[in-house]
Amino acid sequence: MTTSLLARFAPTIRDLPVDFANSLPLPASLHLESKSGLDVYYAPFDHVVTTARIVLVGITPGRAQAIEALSVARRELLAGSSLSVAASRAKVAASFAGPMRTNLIQLLDDVGVAARLGIPTTASLWGPDAHLVHFTSALRYPVFASAKNYSGAGITTHPLMRTQLETYFGEECRQLNQALFVPLGSAVEQACDCLVSKGVLQASQVLRGLPHPSGANAERIAYFLGRKPKHMLSAKTRAETLDAGRARALATVAGWHV
């Protein structure tokens, strides 16, 4: 686990006021750097599960995730927990919560990830089988554009984002060089492609084709899971794209050496 930034910010996190969540986007004391309209803040997402066989990758922690992680870390540090324990508990608590987690579990189970891992359902990755999964982001620390969550535009071309991507996500890829990486969304796929092109990741390690598990993607998810027939899809949903994605995902999982 990279502890240098956590060690640096631990006193700051411990001393955050009770109402720190009112600061937009996050308390100024956690600010890391700025460039070309983007701001990076520290939040405790440093922990890496080195035993993981699957890696779930978002774009960057959003503000709500960052506040949750900071809240848990603050509580743990005030209670006397070690940096390692505080980081681990903070990261798990803030990882893919709510409807997104439910959708993600269903998508992963549907393409055979649970079966390949030898577990009944990937829901247990948030419980007794947590040692098999690493939750992360292409940009490890929260990024904001005009105080709003960063959407991923220019993730591989913006100088600051490229540095964040290659430094922190690249480090995690090297530590988990036998794991299957699941990028959530096109921007994260671009980030993975960037590291594949640099030889940090293997193309066979990247599970492509799943629709994004966001609740806003309900129709695509329903079709992918076979719960909505093709003839009932709205014009905005392209069945052919989802069918091709499903075939690609199934083939990747089938060829995955767990």
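Student: Is Cys 173 buried or exposed, and what is its relative accessible area?

Tutor: Cys 173 is buried, at a relative accessible area of 0% (buried is under 20%, exposed over 50%, partly exposed in between, with a 1.4 Å probe and protein chains only). A word on ground rules: this is a predicted model, where local features need pLDDT of at least 70 and side-chain atom pairs pLDDT 80 or more, while totals for chains, interfaces and linings use all residues. Residues count from 1 along each chain as its sequence is written, and side-chain values use heavy atoms, leaving out hydrogens and water.

Cys 192 is buried as well, also at 0%. Its sulfur sits 6.5 Å from that of Cys 173, its closest cysteine sulfur, so they're too far apart for a bond. With a disulfide taken as two cysteine sulfurs within 2.5 Å, the count is zero.

Now the charges: there are nine salt bridges (a Lys or Arg side-chain nitrogen within 4 Å of an Asp or Glu carboxyl oxygen). In one of them, Glu 166 meets Arg 162 at 2.4 Å, N to O. Both lie in helix H6 (residues 159-175), four residues apart, about one turn; helices here are DSSP runs of H or I, at least four residues, numbered from the N terminus. Glu 166 also pairs with Lys 198 at 3.9 Å. That pair links distant parts of the chain, 32 residues apart, with Lys 198 in the loop between H7 (186-197) and H8 (218-224).

Arg 208 bridges to Glu 189 at 3.8 Å, reaching from the H7-H8 loop to helix H7. Arg 208 is buried at 9%, whereas Glu 189 is partly exposed at 23%. Shared partners join Arg 162, Glu 166 and Lys 198 into one network.

Methods: Helix = DSSP H or I, 4+ residues; strand = E, 2+ residues; numbered from the N terminus.
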